[in-house]
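Subject: Structure handover

Hello,

The structure is pasted below, and my notes on it follow. Please keep it open while you read.

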Amino acid sequence: MINKIAPSIQEALSAISDGSTILIGGFGTAGNPNELINALIEQGARDLTVVNNNAGNAEAGLAALLKTGRVRKIICSYPRQVDSYVFDELYRSGKIELELVPQGNLVERLRAAGAGIGAFYTPIGFGTEMAKNADGSPKETRIIHGKPHVLEYPIYGDVALIKAEKGDRWGNLVYRKAARNFGPVMATAAKYTVATVHEIVDLGVLDPETIVTPGIFVSKIVKIDHVATAAGGFKKSKDAA
């Protein structure tokens, strides 16, 4: 009997090893799997490469993971914002490597990994620093339909940590509105995917037409409580209660 429900977050993450590439869903504070990130901090894996839309907010979630010093490299599209001071300090002191990727390219590189696409050409980044490799050498380019394109490669993950709204014991997932963001593509791009859900339903309750991430892409699901979160990047006024 297929049953992907894990008894605890700690059990679901127990197999993560040092040097892993971790894909972490979320956009701003929408869809952040903070419970999984906190458990990863406790789990202790080191020398990690993290793929995320941004580089964390304040000192919670991803920023808390960065603060431990166990992330060697981050691949993201939006590393700096008003409260990204943890990343800023690490980067300025040379303690973390950054690979900056335009947001559309980031999503497509993840999607390509899940779809089995070896590489793809995109006009995004041509003529900019984005069209260079980490060592400064130029990426391969080609003129397609009269327009210059840059060759980009997939981003594969060892583990994906994502947050969904509902799931069943087969691992089928549905999301809540904007919390959907990177979760579906990351689930397909990783060898091992762990999803938190607020509700686990019986088989057949989820309408097949509404399932966003089929269970074949999910390794473990863990039920968590609903916790209200504040939007990131906003400063409280002095008069705020």
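Glu97 is partly exposed, at 34% relative accessible area (buried is under 20%, exposed over 50%, and partly exposed in between, with a 1.4 Å probe and protein chains only). This is a predicted model, in which local features need pLDDT of at least 70, side-chain atom pairs count only at pLDDT 80 or more, and totals for chains, interfaces and linings use all residues. Residues are numbered from 1 along each chain as its sequence is written, and side-chain values use heavy atoms, with hydrogens and water left out.

Salt bridges

Glu97 forms a salt bridge with Arg72, with the closest N and O atoms 3.4 Å apart (a salt bridge is a side-chain nitrogen of Lys or Arg within 4 Å of a carboxyl oxygen of Asp or Glu). Because Glu97 lies in strand S4 and Arg72 in strand S3 (residues 71-76), the pair ties together parts 25 residues apart in sequence. Helices (H or I, at least four residues) and strands (E, at least two) are DSSP runs, numbered from the N terminus. Arg72 is partly exposed too, at 39%.

Another salt bridge joins Glu199 and Lys166 (3.9 Å, N to O). That pair links distant parts of the chain, strand S12 (residues 199-200) and strand S9 (residues 166-167), 33 residues apart. Salt bridges with shared partners join Asp47, Arg72, Lys73, Glu97, Glu99 and Arg109 into one network. The count of salt bridges comes to 12.

Lys132 bridges to Glu129 at 3.3 Å, N to O; Lys132 is partly exposed at 37%, while Glu129 is exposed at 55%.

The second largest pocket

The second largest pocket has a volume of about 490 Å³. Of its 21 lining residues, the closest to the centre are Glu99, Lys132, Asn133, Ala134 and Lys139. A pocket here is an open set of points on a 1 Å grid over the protein atoms alone, where a 1.4 Å probe fits, with protein on both sides within 12 Å along at least five of seven lines; lining residues have an atom within 4 Å of a point. The volume is the space filled by probe spheres set on the points, which are joined across faces, edges and corners. S4 gives the largest share of the lining, 4 residues.

Helix H2

The buried residues of H2 (residues 34-43) are Leu36, Ile37, Ala39 and Leu40. Gly44 follows H2 and has a positive phi, near 95°.

Regards
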